[in-house]
Structure formats: C-alpha cells, structure tokens
Amino acid sequence: MALLVLGKTRCVLCGRSIETASEAVAFPPLGSATDVSRQLSDAVAHRAHLLADPRAAQITELWREIADNRVAGARILARDDSRLLAIDDRAGVFRYFWFPRLIALEDESNSLRSFADFLARSASGADAAVELVRFTYSVTTVDGRRRLVVGQRPPAPRDFAVTSAISLSEPLIDEPFEDTEWADFAALESTPSQSP
Ligand SMILES: [Zn+2]
C-alpha cells in the first residue's frame with residue numbers, strides 16, 4: 001500500500017495534503033489497464049473525493065479487484081455485490097471489504113465470531129461496539145445519524161518501540177453507516193466460531 005504521512009502525503013485527486021487517517025484511502029501498486037488504475041496505482045486519495053469522482057463506479061470496481069487479489073488463496077465465507085468476507089488461514093486473519101465506501105477491515109481470525117455478532121447487532125439498528133485483537137469497532141447514533149468508527153487498539157507496552165505516524169486516539173475509519181447495507185449478510189450467520 002502507498003505510504004501515508006499525515007499532513008504531507010497529497011491526495012492524488014485534489015493535490016491537497018491528507019490530514020487524518022480516516023479521510024484517506026491507500027491503493028496498492030496496480031496495473032495500467034485503465035486511466036483510473038494508472039492514476040490510483042500506489043497512491044493515496046481522500047475517500048470523499050474518490051466517492052464524488054465522476055468515475056466512482058470504476059473506482060468501486062477497482063476496489064473489488066483489489067479485494068479479490070487480497071483474498072487470493074483464502075477461504076471466501078461470504079460475498080455479495082457490496083461486500084466480501086474471507087479468512088486467510090495462513091496469515092491468521094479475516095478480511096472484510098465494503099466496496100461502496102472503499103473500506104477494508106482486517107483482524108485476527110479467532111475474533112471473527114465477535115465481529116459477526118457486531119455486524120448483526122449494528123445491522124439491527126442498535127448501537128454496538130466491539131474490541132477485537134487489532135482494532136476497535138463501533139456504530140453510534142449522534143443527532144439521528146449513524147456512524148461507523150474503527151480505531152486502532154493501543155499496543156501492548158512491548159510494542160512501544162514501534163512508532164506510528166498515526167495517533168492511537170485517531171479513528172482509522174469514521175464513516176456514515178447505512179445499516180441496510182450490512183443487513184442480511186446471511187452467510188455470516190453460518191460462520192464457524194473458529195477457523196479449523
Ligand atoms: Zn482530495
């Protein structure tokens with residue numbers, strides 16, 4: 001993925017610097033099959049600018065291809081037009097992609113059951129929060145508007161030698177949450193509690 005240095009890295013679409021992690025979408029190196037993939041290859045852009053771009057449908061399609069590449073060799077647990085959930089047994093992680101908002105989530109596969117419960121709870125209209133191994137996830141309602149916020153868990157003390165450009169208190173994702181998009185992701189219901 002492209003390197004994101006907050007306050008320095010510039011959005012490939014508008015040229016302005018990216019100030020917070022939650023407004024950014026980073027792309028891996030891509031082929032040059034289309035103008036869009038050529039422009040976004042190994043680049044970072046504001047999520048809002050990607051979603052408002054006249055080529056948004058192409059960009060969503062590109063995100064879908066990136067997701068497919070990321071889960072190559074992994075077990076696909078559920079997939080529909082807007083989402084993909086897979087477990088990578090070798091890496092010990094599950095990956096969840098939400099194409100329409102260009103969101104990719106990843107956490108350790110032994111916490112998938114808790115994540116599925118969180119999705120089901122939030123899709124039912126309730127506020128919900130869960131803390132998994134790597135990240136925290138919450139859906140809250142403020143002034144009648146629901147938001148999904150994903151944050152990084154504080155690292156264990158032994159990890160403090162590893163510095164991060166991203167403040168731990170800052171959300172990695174802070175997006176409007178439309179629960180209809182998450183509801184009825186039925187295959188999650190049959191997700192095994194643990195990977196074999
Ligand atoms: Zn921008």
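Guide: In helix H3, the residues Ile59, Leu62, Trp63 and Ile66 are buried; a residue counts as buried if 20 or more other C-beta atoms, placed from the backbone, lie within 10 Å of its own. These residues lie on the same side of H3, because they cover an arc of only 105° around the axis, the arc being that of the directions from the helix axis to the C-beta atoms. Helix H1 (35–40) and helix H2 (47–52) are included in what covers the buried residues of H3, where contact requires C-beta atoms, placed from the backbone, within 7 Å.

This is a predicted model, in which local features need pLDDT of at least 70, side-chain atom pairs count only at pLDDT 80 or more, and totals for chains, interfaces and linings use all residues. Residues are numbered from 1 along each chain as its sequence is written.

H3 comprises 15 residues (residues 56–70), which should span 21 Å at 1.5 Å a residue, and its end C-alpha atoms are 21 Å apart, which agrees. The expected span is 1.5 Å times one less than the number of residues.

Of the 196 residues of the protein, 26% count as buried. Among contacts with a separation of 6 or more, 46% come from residues 24 or more positions apart.

Definitions and conventions
A residue is buried if 20 or more other C-beta atoms lie within 10 Å of its own, exposed if 12 or fewer, and partly exposed in between; C-beta atoms are placed from the backbone. Two residues are in contact if their C-beta atoms, placed from the backbone, lie within 7 Å. Helices (H or I, at least four residues) and strands (E, at least two) are DSSP runs, numbered from the N terminus.
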